[in-house]
Amino acid sequence: MPNNDFKDFENEVNSYENKVEIESGSFYKKLRNKIKKWAGKNKDNKILEYILLAPDLFYFFLTVLKDKDVYVDYKLKITGYLAYFISPIDIMPEMVLGPAGYLDDVLMGLLFLRTLLKELPYEYVEEKWPGDKEVLKNVSVMIDNIQAIIDSKIFRSVMSYFSKNIEKKK
């Protein structure tokens, strides 16, 4: 996926918000606003395009979870993912990293989305997906890119942060 400049980002956010009719107090809307505020300060950040997927993944899986025609085993897996997503305890905590901490949540969501794309009709997934449909075609590439980012300096800095804090508490 090509990097978007900030103006494209604002247009994209507004477009998604118009497509996805959600009440103003929802988690989706709050998450979008949090990322939008962070992006204003970090618009040149290379991981921004991936962090923007967090609200779409959350909304997508919540929508599929609510679908009465989806098998229970999928619903259990989706519930697990959503629990991981909203949990403050994960590999890259948002409390420490801000919205950059959603990168691991996005990676987990894309891995699961790739599975659903293989197992469910593409049309079903496309219908439920609130964001850019090109994302669905590039899931594997995005997974590889995020894994490379996490495996690099971000992951090392997160691990360094935690190891320093653990040593301080001893």
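I'll start with the overall layout. The chain is helical: 10 helices, 0 strands. Read from the N terminus, the order of elements is α-α-α-α-α-α-α-α-α-α. The chain has 170 residues, and 43% of them are buried. The exposed surface comes to about 9,700 Å², with 55% of that supplied by carbon and sulfur atoms. As for contacts, take those between residues at least 6 apart in sequence: 63% of them join residues at least 24 apart.

Before the details, confidence. Mean pLDDT for the chain is 76, and 72% of the residues reach at least 70. Helix H8, residues 122-128, has the highest mean, at 95, while helix H1, residues 6-19, has the lowest, at 49. The stretch 16-25 falls below 50, although the model gives it 19 contacts beyond near neighbours in sequence. At the other end of the chain, residues 165-170 also stay under 50, and there the model has 0 contacts beyond four places in sequence. Where pLDDT is low, the predicted coordinates should not be read in detail.

Now the core. The largest nonpolar core has 45 residues, and the members touching the most other members are Leu57, Phe61, Leu110 and Leu113. H7 gives the most, with 8 residues. In soluble globular proteins, nonpolar side chains tend to be buried together.

H7 has 17 residues and runs 24 Å from first to last C-alpha, close to the 24 Å expected at 1.5 Å a residue. Its buried residues are Leu103, Asp104, Asp105, Val106, Leu107, Gly109, Leu110, Phe112, Leu113, Leu116 and Leu117. Note that Asp104 and Asp105 are on that list. Setting aside neighbours within four places in sequence, Leu110 contacts Leu53, Leu57, Val139, Met142, Ile143 and Ile146.

H4 is the other one. H4 covers residues 53-66, and its 14 residues should span 20 Å at 1.5 Å a residue; the end C-alpha atoms are 20 Å apart, so the two agree. Of those 14 residues, 10 are buried, so H4 is largely enclosed by the rest of the structure. The buried ones are Leu53, Ala54, Pro55, Asp56, Leu57, Phe58, Phe60, Phe61, Thr63 and Val64.

Next, the aromatics. There are 8 aromatic pairs in the structure. One of them is Phe85 with Tyr102, which is stacked, with 5.7 Å between centres and 25° between planes. Phe85 sits in helix H5 (residues 72-86) and Tyr102 in the loop between helix H6 (94-97) and helix H7 (103-119), so this pair ties together parts 17 residues apart in sequence. Both Phe85 and Tyr102 are buried.

What else does Tyr102 touch, not counting residues up to four places away? Besides Phe85, its contacts are Leu31, Lys34, Ile51, Ala54 and Glu94. Tyr102 has a relative accessibility of 6%, which is why it counts as buried. Its C-alpha is 9.6 Å from that of Pro55, 47 residues away along the chain.

Two last residues. Ile47 is in the loop between H2 and H3. Is Ile47 buried or exposed? Buried, with a relative accessible area of 6%. Ile47 and Ile146 are 99 residues apart along the chain, yet their C-alpha atoms are separated by 8.1 Å. Lys37 is in helix H2, and at 61% relative accessibility Lys37 counts as exposed. From Lys37 to Pro99 is 62 residues in sequence and 9.7 Å in space, C-alpha to C-alpha.

That is all I have.

Terms used:
Residues are numbered from 1 along each chain as its sequence is written. This is a predicted model: local features need pLDDT of at least 70, side-chain atom pairs count only at pLDDT 80 or more; totals for chains, interfaces and linings use all residues. Side-chain values use heavy atoms; hydrogens and water are left out. Rings of Phe, Tyr and Trp (its six-membered ring) pair if their centres lie within 6.5 Å; planes under 30 degrees apart count as stacked, over 60 as edge-to-face and the rest as tilted. Helices (H or I, at least four residues) and strands (E, at least two) are DSSP runs, numbered from the N terminus. Buried means under 20% relative accessible area, exposed over 50%, partly exposed in between (1.4 Å probe, protein chains only). Contact means heavy atoms within 4.5 Å. Accessible areas come from the Shrake-Rupley method with a 1.4 Å probe; for residues, only the protein chains shown count as cover. The expected span of a helix is 1.5 Å times one less than its number of residues. pLDDT is the predictor's confidence in each residue, from 0 to 100. A nonpolar core is a set of buried Ala, Val, Leu, Ile, Met, Phe, Trp, Tyr and Cys residues joined through side-chain atoms within 4.5 Å.
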